[in-house]
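Biologist: Before I plan anything around this protein, could you walk me through what the model shows and how each conclusion is reached?

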Amino acid sequence: EHSRIEHAVEYLKKLHTEMHEKKLLSRTRSVGEKRQSIDMLAEEERQRQAQLELNRSWKRIYKRSWFISACVFVAWLLSGIIFYSTWQGWDFWVSAYFTMQTGLSVGYGTPSEDD
């Protein structure tokens, strides 16, 4: 408990020192420099807010599109496995292999389904 209080006191002293330094600095600057500083801070804040909004929107789209793509892929894979299992009478792994091979094939020389 005592160390927490000491930590809080040190933090408050640090804040007080920083505020005092900023106050002294603001007294020595001209009106034009103050205006430029305020404008620069406002522009930085606008850019930061715009970037945050862009990040939020892309994160939502990114997460949603990957989830939908994964669901479509799994549905396609399962439907192919079920199709080959019932139509050809193959076990799960052979059906999974030929579903992947047939669906993702670009013409590689692999065994045919009739072999």
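What follows is a set of questions and answers on this predicted model.

Biologist: How many helices and how many strands does the chain have?

Modeller: From the N terminus on, the elements of the chain run α-α-α. The count for the chain is therefore read from DSSP runs, and it comes to three helices and zero strands.

Biologist: What share of the residues in the chain is buried?

Modeller: A residue counts as buried when its relative accessible area is under 20%. The chain exposes about 10300 Å², of which carbon and sulfur atoms supply 63%. Of the 115 residues in the chain, the buried ones make up 9%.

Biologist: Which residues of H3 are buried?

Modeller: Helix H3 covers residues 92–104, and its 13 residues reach 18 Å from the first C-alpha to the last, close to the 18 Å expected at 1.5 Å a residue. With the cut-off for burial set at under 20% relative accessible area, the buried residues of this helix are Ser95, Ala96, Phe98, Thr99 and Gln101.

Biologist: Is Thr99 buried or exposed, and which residues does Thr99 touch?

Modeller: Thr99 lies in helix H3, and because its relative accessibility is 4%, Thr99 counts as buried. Leaving out residues up to four places away in sequence, the residues that Thr99 touches are Trp76, Leu77, Gly80, Ile81 and Tyr84.

Biologist: How many salt bridges does a search of the whole structure find?

Modeller: Side chains of opposite charge can pair when their charged atoms come close. For a salt bridge, a side-chain nitrogen of Lys or Arg has to be within 4 Å of a carboxyl oxygen of Asp or Glu. Glu43 meets this with Arg46, their closest N and O atoms being 2.9 Å apart, and Glu45 meets it with Arg48 at 2.8 Å. The search of the whole structure finds two.

Biologist: Where do Glu43 and Arg46 lie?

Modeller: Glu43 itself is partly exposed, since its relative accessible area is 33%. Glu43 and Arg46 are three residues apart, about one turn of the helix, and both lie in helix H2, residues 31–87.

Biologist: Are Glu45 and Arg48 buried, partly exposed or exposed?

Modeller: Glu45 and Arg48 both lie in helix H2, three residues apart, about one turn of the helix. The relative accessibility of Glu45 is 34%, so Glu45 counts as partly exposed. For Arg48 the value is 42%, and Arg48 therefore also counts as partly exposed.

Technical notes:
Residues numbered from 1 in each chain as written. Predicted model: local features only at pLDDT ≥ 70, side-chain atom pairs only at ≥ 80, totals over all residues. Heavy atoms only, no water. Helix = DSSP H or I, 4+ residues; strand = E, 2+ residues; numbered from the N terminus. Buried < 20%, exposed > 50% of the residue type's maximum accessible area, 1.4 Å probe, protein only. Expected span 1.5 Å × (residues − 1). Areas by Shrake-Rupley, 256 points an atom, 1.4 Å probe, with all protein chains shown as cover. Contact = heavy atoms within 4.5 Å.
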